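This report goes through a few features of one protein chain. Keep the sequence and the 3D view open while reading.

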Amino acid sequence: MLNRLLAAGALCALALASAASAQDEAAAPVAATESVAAAAEAPAAPRVYAPVDFNIANDPENILLLDLSNGQRVAIRLMPSWAPNHVERIKTLTREGFYNGVKFHRVIEGFMAQTGDPTGTGRGGSSLPDLKAEFNPMPHLRGTISMAHAASDDSANSQFFITFYPRFSLDRKYTNFGRVIAGMDAVDAINRGEPPAEPTVVLQASIAADGKPQAVAPPAPAIESPVSVDELNAPLTQ
């Protein structure tokens, strides 16, 4: 009799365990669905755009240096948090020496100075593929460096421009990827014109972390004054 009671109790326990397991399995998909729904409802974290650091001693890996033919050096803070692909493109081309010897081919008074075309016509670029736009809310202020593009938003390649004054009409239409942090007076001194009669040239572009010394233009050759006939006929002095 006792054995029959024990066996019946065991069967009852097994039945209860099976029922509990079935309930857990039935509840699992519901819990998973609820977790996915909660994740979908959670708002995405807002994107953070870092402020410009004007200390030229900080983060030299993200400082672009332009040595100009006007004898001055411009320091530009590159901002990967604003436009990572554009910053990477500028750094890649700079380290390849692409910008060395390139002219500022389009310089408009009160607006901007544009460079980055090795042909000097405004129609050239690098052999790398065009970039997809990385428009951002950062405003185009005095000293902003932004990427030029053709009719398509996704046609930026190597050309960029530096603004002389704020131009908020450019915001979210051109990819803003940095700011001049030293040498804005050198930018102001870039020769104007479309193209300029005597264009200012980027003698050397470099990344500050690479430690390249400033490039300077060779001195202009001395111009000898013409010799007159009287000087040729003058008697020799002892």
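## A charge over a ring

The charged end of R192 lies over the ring of F164, at 4.2 Å from the ring's centre. This value, like the others below, comes from a predicted model.

## Aromatic pairs

There are three aromatic pairs in the structure. In one of them, the ring centres of Y99 and F160 are 5.4 Å apart, and the ring planes meet at 75 degrees. An angle over 60 degrees counts as edge-to-face, so the pair of Y99 and F160 belongs to that class. The two residues come from distant parts of the chain, 61 residues apart. Y99 is in the loop between α2 (84-95) and β3 (102-103), while F160 is in strand β7 (residues 160-163). Y99 and F160 are both buried. Together with F98, they form one aromatic cluster.

A further edge-to-face pair is made by F161 and Y174, with 5.8 Å from centre to centre and 80 degrees between the planes.

How many of the seven residues of β8 are buried? Five of them are, so the rest of the structure largely encloses this strand.

Strand β2 (residues 73-78) is joined to β8 by four bridges, and the two strands run antiparallel. Within this pairing, I76 is opposite V180 of β8. Strand β6 (residues 144-147) also runs antiparallel to β8, and three bridges join them. Here S146 has N176 in β8 as its bridge partner. In a regular strand, side chains alternate between the two faces of the sheet.

## The largest pocket

Empty space can be found by rolling a probe the size of a water molecule over the atoms. The largest pocket has a volume of about 370 Å³. It is lined by 19 residues, and those closest to its centre are Q114, A148, H149, A150 and Q159.

What classes of residue make up the lining of the largest pocket? Seven are nonpolar, 10 are polar and two are charged.

How values were computed. Residues numbered from 1 in each chain as written. Predicted model: local features only at pLDDT ≥ 70, side-chain atom pairs only at ≥ 80, totals over all residues. Heavy atoms only, no water. 1 Å grid on protein atoms, 1.4 Å probe; cavity = no way out; pocket = protein on both sides within 12 Å on 5 of 7 lines; lining within 4 Å. Points joined across faces, edges and corners; volume = space filled by probe spheres on them. Nonpolar A, V, L, I, M, F, W, Y, C, P; charged D, E, K, R; others polar. Phe/Tyr/Trp six-rings, centres within 6.5 Å; stacked < 30°, edge-to-face > 60°. Buried < 20%, exposed > 50% of the residue type's maximum accessible area, 1.4 Å probe, protein only. Lys NZ or Arg CZ within 6 Å of the ring centre and 35° of its normal. Pairing = 2+ DSSP bridges.
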